[in-house]
Amino acid sequence: MGKKQTEVVTVENARTVSGPVVVRPAQLIDQGADVSEVKGLPAEFASSETLSGFPPSAKFEKVGECVFGEFIGMRPGVGPNASRLYEISIPNGTEQTTVAVWGSAAIDRLFDSAYPPVQQGDRIAFIYLGEKTTKRQQNPVKLFALKIKRAGAPTETAQAV
């Protein structure tokens, strides 16, 4: 994700107050296949952009890991679990890289509760807050905060599950 930046953020909601969360970029996985050289195409495609498969996805393991950048869009019903795939353009040195964040019940709920809805061009950040056990003793749920900076608006909103 380029240069690593660290920032201290306090996350609050009506139920809990967690201490300062140190924000750091999440690890990117699934880099995909290298298809930089494709032979047999007409010359007009020699210097064109190549897209293939899904962009690299973020892996959230430690509290405070985040992905932030410009919201590109959301693909519904992806993969065997019909999950959502959120695509974000993140800074990567002097360039931008597209990164995918796989939806979950917690992430989808945050995204759906944003009002007005998140639009292409808005700047967003998914911040991992840790895990919480469930009442049914299933796998723990990963909790996130969603920060939104609306395109063209100076205000920010924050939500946490």
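A residue is called buried when its relative accessible area is under 20%, exposed when it is over 50%, and partly exposed in between (1.4 Å probe, protein chains only). The structure is a predicted model, in which local features need pLDDT of at least 70 and side-chain atom pairs count only at pLDDT 80 or more, while totals for chains, interfaces and linings use all residues. Residues are numbered from 1 along each chain as its sequence is written, and side-chain values use heavy atoms, with hydrogens and water left out.

A salt bridge is a side-chain nitrogen of Lys or Arg within 4 Å of a carboxyl oxygen of Asp or Glu. Four salt bridges were found in a search of the whole structure. One of them joins Glu61 to Lys59, with 3.2 Å between the closest N and O atoms. Lys59, with a relative accessibility of 33%, is also partly exposed.

Another salt bridge brings together the side chains of Arg75 and Glu87, at 3.1 Å from N to O. This pair links distant parts of the chain, 12 residues apart: Arg75 lies in strand E5 (residues 65-78) and Glu87 in strand E6 (residues 83-92). Strands (E, at least two residues) and helices (H or I, at least four) are DSSP runs, numbered from the N terminus. Arg75 is partly exposed at 31%, whereas Glu87 is buried at 11%.

Strand E6 also holds Arg84, whose partner Asp112 sits 28 residues away in helix H1 (residues 105-113). Asp112 itself is exposed, with 51% relative accessibility.
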